[in-house]
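Here is a walk through one protein chain, written for someone who likes to check contacts and angles for themselves. Have a look at the sequence and the model first, and then we'll start with a pair of side chains.

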Amino acid sequence: MANVLFIPPQMGPITKYSDRYIRSGPLWLMFKDLCILITVLPYLPLMFFPIATTDKREKGLRFQFIRDSVIQVLLSVLELVLSILFLPALVSLPGFLFLALAIACILLIGLLAWPTQGPRVVEATTNERTLRRSQQHPGERWVFVNGVCTASSRLQQNIDRLSLLFGRNVLGIHNQSYGLISDLLECIVQRCLSYSTEDVRVACEVLRGYLVDEEVKKVVLVAHSQGGIIVSMVVDYLLAELSGEMMGKL
């Protein structure tokens, strides 16, 4: 007769909290996330600093950094004002007029954010030393996903620095920004409703391509801020699609 192994409930000091949040409904999770957001509001302005880089190697990018920071501040202020006016406008304005103004505001935010956006997939700019070190590990692939309020120039700076630090060619997945408030709302929607935004889909395709490639032996995935939410969703999808052997590369 086959032996039967009884596994008791795993309710350790860490798992019991994870279990509670996994079993909670999305609306309750959104409420909890909004409460957490309110508690950290005093720290949000620090996200815009430093405004410009002091690294001499990145001196040519200072104008872009200042421009992008100014755009992020303008977007955040505009979205804050619109958030305050949302309920009064919804109650007092006719439906058609409210809809027209909402569409105009969305187009305005998209237009303001456009200069800070670039391609979804960006490669690091490597020097000869980094290129030689990377060629010593042909079976490795490195991927970075950025967080909130990150312009294309900031992403390029991040992956260039990671490439220089680790001696690998780093591929960046650009999580495009439309302002602080929009990014934070997107974080809550992604985390609580498991909504796959375009950056999630792009990251999923890139990582799937690396993991199914027989020539690739190791995939290093680095995420920052909102990038952690994106990566967690991508890993969930890939675990359901790929074999354990392929996922073992990650």
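## A pair one turn apart

Arg 208 and Glu 205 sit 3 residues apart in helix H8 (residues 198-212), so about one helical turn separates them. As background, an α-helix has 3.6 residues a turn, so residues three or four places apart point the same way. In this predicted model, the two side chains meet in a salt bridge, with 2.6 Å from N to O.

Are these two partners buried or exposed? Arg 208 counts as buried because its relative accessibility is 19%, and the cut-off for buried is under 20%. Glu 205 has 51% relative accessibility, so it counts as exposed, given that exposed means over 50%.

## Arg 208 has another partner

Arg 208 also forms a salt bridge with Glu 241, and the closest N and O atoms there are 2.6 Å apart. What does this pair tie together? Arg 208 belongs to helix H8 and Glu 241 to helix H9 (residues 226-241), so the bridge ties together parts that are 33 residues apart in sequence. Glu 241 has a relative accessibility of 47%, so it counts as partly exposed.

Salt bridges with shared partners turn up elsewhere too: Arg 120, Glu 198 and Asp 199 are joined into one network that way.

## The other salt bridges

How many salt bridges does the structure hold? There are 7. In general terms, side chains of opposite charge can pair when their charged atoms come close.

One of the bridges joins Arg 168 to Glu 140, with the closest N and O atoms 2.7 Å apart. This pair links distant parts of the chain: Arg 168 is in the loop between helix H6 (152-166) and strand E3 (170-173), while Glu 140 is in strand E2 (residues 140-145), 28 residues apart. Arg 168 and Glu 140 are both buried.

## The overall layout

Stepping back, the protein chain has 10 helices and 4 strands. Going along the sequence, the pattern reads α-α-α-α-β-α-β-α-β-α-α-β-α-α. The chain has 250 residues, and 36% of them count as buried.

## The largest pocket

By residue class, the lining splits into 26 nonpolar, 4 polar and 1 charged.

## Helix H4, face by face

H4 has 19 residues, and from its first C-alpha to its last it reaches 27 Å, close to the 27 Å expected at 1.5 Å a residue.

Its buried residues are Phe 98, Ile 109 and Ala 113. Viewed down the axis of H4, these buried residues fall within an arc of 40°, so they line one face of the helix. On the other side of H4, Phe 96, Leu 107 and Leu 111 are exposed.

## Loops worth a look

Cys 149 has its place in the loop between E2 and H6. Its relative accessible area is 15%, so Cys 149 is buried. How far apart are Cys 149 and Gly 179? In sequence they are 30 residues apart, but in space it is 6.2 Å from C-alpha to C-alpha.

Now for the backbone angles. Most residues other than glycine have a negative phi. Ser 194 is not a glycine, yet it has a positive phi of about 55°. Ser 194 is found in the loop between H7 and H8, and with a relative accessible area of 47% it is partly exposed. Ser 225 has a positive phi as well, about 60°, although it is not a glycine. Its place is in the loop between strand E4 (218-223) and H9, and at 44% relative accessibility Ser 225 counts as partly exposed.

How values were computed. Residues are numbered from 1 along each chain as its sequence is written. This is a predicted model: local features need pLDDT of at least 70, side-chain atom pairs count only at pLDDT 80 or more; totals for chains, interfaces and linings use all residues. Side-chain values use heavy atoms; hydrogens and water are left out. Ala, Val, Leu, Ile, Met, Phe, Trp, Tyr, Cys and Pro count as nonpolar, Asp, Glu, Lys and Arg as charged, and the others, Gly among them, as polar. A salt bridge is a side-chain nitrogen of Lys or Arg within 4 Å of a carboxyl oxygen of Asp or Glu. Helices (H or I, at least four residues) and strands (E, at least two) are DSSP runs, numbered from the N terminus. Buried means under 20% relative accessible area, exposed over 50%, partly exposed in between (1.4 Å probe, protein chains only). The expected span of a helix is 1.5 Å times one less than its number of residues. The arc is that of the directions from the helix axis to the C-beta atoms.
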